[in-house]
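Please work through the following exercises with the sequence and the model at hand. Each task is followed by a solution in steps.

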Amino acid sequence: MDTALKVHMPEPLCLIENEKGQLRPNQKALEILSAITQPVVVVAIVGLYRTGKSYLMNKLAGKNTGFSLGSTVQAHTKGIWMWCVPHPYKKDHTLVLLDTEGLGDIAKGDNQNDSWIFALAVLLSSTFVYNSMGAINQQAMDQLHYVTELTDRIRARSSPDQEDEGEDSAEFVSFFPDFVWSLRDMTLKMEVDGVHVTADEYLENSLKLKEGICKEVEEYNLPRLCIRKFFPKKKCFIFYPPTEWKKLSQLETLQENEIESDFLKQVAEFCLYIFNHCKAKTLPGGIPVNGPRLESLVLTYIEAICNGDVPCMENAVLALAKIENSAAVQKATAHYDQQMSQRVQLPTETLQELLDHHRTCEREAIEIFLSTSFKDEDHSFQKELGSQLEERWDDFCKRNLEASSNHCWELLHNIFRSLEEGVRQGTYYKPGGYCLFVQETEMLKKKYYEEPKKGIQAEEVLQKYLQSKEAVSNAILQTDQSLTKKEKEIEVERKKTESAMAAAKLMEETQKKNEELMEQKERSYQEHMRQLTQKMENDRIQLKAEQERTLALKLQEQKQLLQEGFQEESRKLQEEMKNMEKRYKEKMDHMQAESSKTTVKIMEEMQRNCDQMMENKDKNHQEHVRQLIEKMERDRAQQEKMMTFVLQEREDLKEEIFEERREHQKEMQEIEAKNREIILKLESAQAQSSESMKMLQEMYETNQKSMEQKEKDFLDYLKQMAEQIKADALDQMAKQEKTLINKLEEQGKVFNEKLKNQNEKHEEEIKKMKFDCSVM
């Protein structure tokens, strides 16, 4: 509960106005109630007019004045007045004092109106004070006839059958307030049969029934029996006359030394009891009442009375539940929004970081909803909460993506500004410019990767940026005159392969994110199921405790009736208890059936979602496999294209070799021509000199050997070159195909393992839920 708010009411305010017999709520008073978020202890006082009710309420408020006392024989207070003050003893509670108009004013001439005031005081309070003058005698009981009319003014359940009216009133004790009887101006000795008795013993003795079956006995017993049966706890206070009768009209202005000390002591004891023992207002099921809930009860009861209906506790609780459950959804979602905004700094580095915060805030939001909601029997409000939390989660995911994208684009523009400036200035449009462009691009990419807190869009945005610069890169590549045509074509293919690998990596990351998001939805259902199951168990425990408490009070009353010798009344009460136990059992069985039904429904929904999730995973996996196969085919096509380039280069190399061979043959022909020339010279010089001939012979042999060796070396070089080109091409294709096949097999194994683990986990959860249902 909120402990920060303290209502400041310097004086009382009319809560329910009574104009010409018509009851209507005061809007200003309702606004004050709506601001009280603390539990309220509601003390209402009723009684005949001019019996000093307002004086006691002023003392409970810690004031001498406030509620109007009046000083004439005419009833002064009209309707029901309210004074909200901080509870002096209970921390974080508000004490709500309700002072009602005096009953029995002959000027009104309308007992119907008095009965409604009495009934409203009972329905709204947690402690009901009845104020009367003098001793408890038959006249006092006759004046308390309003308590016997409660069965006509209040319903515990909606639309009970005619024969069930008695059973309906038997449940009053489960939600009626404690009863305090204050006896004013008591002058008689507190003795019964010559024995001194306490005020409580005096009340208990006064509530004893009289034996007999005549009408007079029935009229004597009826109010006493109603007080004993309807009110769970009873207390009595006696007050001596405060002063001489001439000064009673100025009681609120008298000094303490002018008031009897015994009276002041009795008032202090009364206030101390109210502060220490009066409980906070609750509804059936132990639902605590705060200001807004009390406001809702006032409006519901007044509306029923004005429409000619009987105020019904069950209807009031259901009407309040709709308001409260709707507010609980808003409170839970507001907490989620606030906590996510405080804990999450967008963009998050990973999706898992955002998921961790979401799961914590979602769990807290569900706890808040279940702690403040009640009677959400069809769980429609919890489903609404689930839908709203899912919408907010989707919104956070979207905002996280946008924040990451915006930050990454800004980061890339800042990091690559120098490169873009160089492009605009033509720095790279020169021989060797492309290599320089690639080097600086790689350096800037490394710098980008080193930047922290880029978020989950870092890789995707980088690839989009690089793709947007592809045209510039190609233009620089094509204008670089230091590269051959073949080198440029090979570089183009290399960039395509690199781009395809980056796309495959991005696709794998996207697949992983989708799996994490689907797993999150399953966890959300599990968290709702866990907390809802606990909530239903707590409700059953609360209902059982309420049943035991009510039956204990009934049993105590039955025991007292037996001791007093009222066998028939005891038998009727015994029958009431049996009927109550039957209804409680039916309610418990209904709750258990609803719990099992809800559990089964949620299990079926979880099963459908799990099946859908597994189907989506399977589809995603198949799509992923299809994309991998397509990528492998594209890579194979790229490789084949690359091989085409290599083979073309090989053909070009062959052409170059053939050209070299032609040059070699030309050289050989020149050598042969020279040799022939030498032979001719040798022959012509044969006669001249045997030594010259020998020298020419040696030159010829040397040239011949050189030509043969060069031919052999050239053929060996050509053979090695062809074998190397073929081996490199085959090896590259084999490696690429093996890598792609391994990756595909690895993806398949990971998916199958995840699928197996998911199925095992889901089967365990279903077994556990079935076991829990069987236990419940």
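The model is predicted, so local features need pLDDT of at least 70 and side-chain atom pairs count only at pLDDT 80 or more, while totals for chains, interfaces and linings use all residues. Residues are numbered from 1 along each chain as its sequence is written, and side-chain values use heavy atoms, with hydrogens and water left out.

**Exercise 1.** Describe the surroundings of Thr94.

Step 1. Thr94 belongs to strand β5 (residues 94-100); strands are DSSP runs of E with at least two residues, numbered from the N terminus.

Step 2. The relative accessible area of Thr94 is 5%, so the residue is buried (buried means under 20%, exposed over 50%, partly exposed in between, with a 1.4 Å probe and protein chains only).

Step 3. Leaving aside residues up to four places away in sequence, Thr94 touches Ile36, Gln38, Pro39, Val40, Val41, Cys84, Val85 and His87 (contact means heavy atoms within 4.5 Å).

Step 4. With Gln38, the side chain of Thr94 also makes a polar contact of 2.8 Å (a pair of N or O atoms within 3.5 Å; within protein, one must be able to donate a hydrogen and the other to accept it, and residues adjacent in sequence count only if both atoms are side-chain atoms).

**Exercise 2.** Characterise the salt bridge of Asp356 with Arg359.

Step 1. A salt bridge requires a side-chain nitrogen of Lys or Arg within 4 Å of a carboxyl oxygen of Asp or Glu; the count by this rule is twelve.

Step 2. In the pair Asp356 and Arg359, the closest N and O atoms are 3.9 Å apart.

Step 3. Both residues lie in helix α12 (residues 351-372), three residues apart, about one turn of the helix; helices are DSSP runs of H or I with at least four residues.

Step 4. Asp356 is partly exposed at 40%, whereas Arg359 is buried at 16%.
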